[in-house]
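Please look through the sequence and the model below before reading my notes. The points go from salt bridges to the core and then to a pair of strands.

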Amino acid sequence: MGTAFGTFGELLQGVLPEEDGDFLVTLPVARWTMATFRQELGCDSGDVVVRPAGKTKALRLARTISELAELRTGEPAGGTLHVNSVIPEGKGLASSSADLVATARAVGQALGVGMPPSRIERLLADIEPTDGVLYPAIVAFHHRAVRLRGVLGSLPVMAVVGIDEGGSVDTVDFNRIPKPFTLADRHAYARLLDRLTRAVRRRDLAEVGRVATRSARMNQLLRHKWSLEPMREICREVGGLGVAVAHSGTTLGILLDTGDPSYTRRVSAAARACEELAGGVTVYRTLSFP
């Protein structure tokens, strides 16, 4: 078995003033994918099936790992992969990345193929742009190149009062869109990454919220969200930390400090206001790591 968490969009996403500068900073949340792989003795490596059948990217990855196992042992390594997830698809919550990372861990464990992060990155780079959900931390990640930039650390648990503008976004198609950011924008993203790196190190949730909000506003050039300004207003009214978005998805959320003595009042007020705005609300909790 293998598991992987999802994210609530990103704290920061943009392009840095360097070659292959596309990057994001993860916001891990307590939503999970679990993959289970059962090897069937006597089956060829290409004889791998997945349930549900629509998880075609996970199937492709499982077949690749089974072929690696057969090359190493000389024995066929087919089987059945089950992928179970509570992460909504097409919303920018890293559902596909979580599916793939959980699959790599499950199939690798079943077939005796080691799956350190560097190997998972290489395997996923052949499939699609990927979030940094294989690392148990908040990380800066080059999602197009599928390469870790740096581990920022961990933060106290926050709540995210989230809404969904509807529809879905295909990650592969989205990442083919040319980025409209100027050189000045790229330098601005570099400054935001520096600010966020320091904020995570200091566990400064207020600064994290400010950077997330700024990143959300800059992303309006690339994928406009009609509800961003109303969400910012709700955030100000309830005393939230800031607004985080799925930069390549359809979700937005108000960040709240769960350690705040007024947290219960704030989260209730935010949920009511978001319900009036968008007609549906989900409250997520971010993950905090040792």
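1. By the rule used here, in which a salt bridge is a side-chain nitrogen of Lys or Arg within 4 Å of a carboxyl oxygen of Asp or Glu, the count comes to 13 salt bridges. The model is predicted, so that local features need pLDDT of at least 70 and side-chain atom pairs count only at pLDDT 80 or more, while totals for chains, interfaces and linings use all residues. Residues are numbered from 1 along each chain as its sequence is written, and side-chain values use heavy atoms, with hydrogens and water left out.

2. One of these salt bridges joins the side chains of lysine 57 and glutamate 128, at 2.5 Å from N to O. The pair links distant parts of the chain, 71 residues apart, since lysine 57 lies in helix α1 and glutamate 128 in the loop between α3 (117-125) and β5 (138-142); helices (H or I, at least four residues) and strands (E, at least two) are DSSP runs, numbered from the N terminus. Lysine 57 counts as partly exposed because its relative accessibility is 29%, whereas glutamate 128, at 4%, counts as buried; buried means under 20% relative accessible area, exposed over 50%, and partly exposed in between, with a 1.4 Å probe and protein chains only.

3. Aspartate 164 forms a salt bridge with lysine 91, and their closest N and O atoms are 2.8 Å apart. This pair also links distant parts of the chain, with aspartate 164 in strand β7 (residues 158-164) and lysine 91 in the loop between β4 and α2, 73 residues apart. Aspartate 164 is partly exposed at 32% relative accessibility, while lysine 91 is buried, with a relative accessible area of 14%.

4. Turning to the nonpolar residues, a core here is a set of buried Ala, Val, Leu, Ile, Met, Phe, Trp, Tyr and Cys residues joined through side-chain atoms within 4.5 Å. The largest such core has 77 residues, of which Leu11, Val25, Leu81, Leu196 and Leu255 touch the most other members. Helix α2 (residues 95-111) gives the most to this core, with eight residues.

5. Strand β3 (residues 48-51) has a covered face, made of Val48 and Val50, and an uncovered one, made of Val49 and Arg51. In a regular strand the side chains alternate between the two faces of the sheet. Four bridges join β3 to strand β4 (residues 79-85), and the two run parallel, where strands pair if DSSP finds at least two bridges between them.
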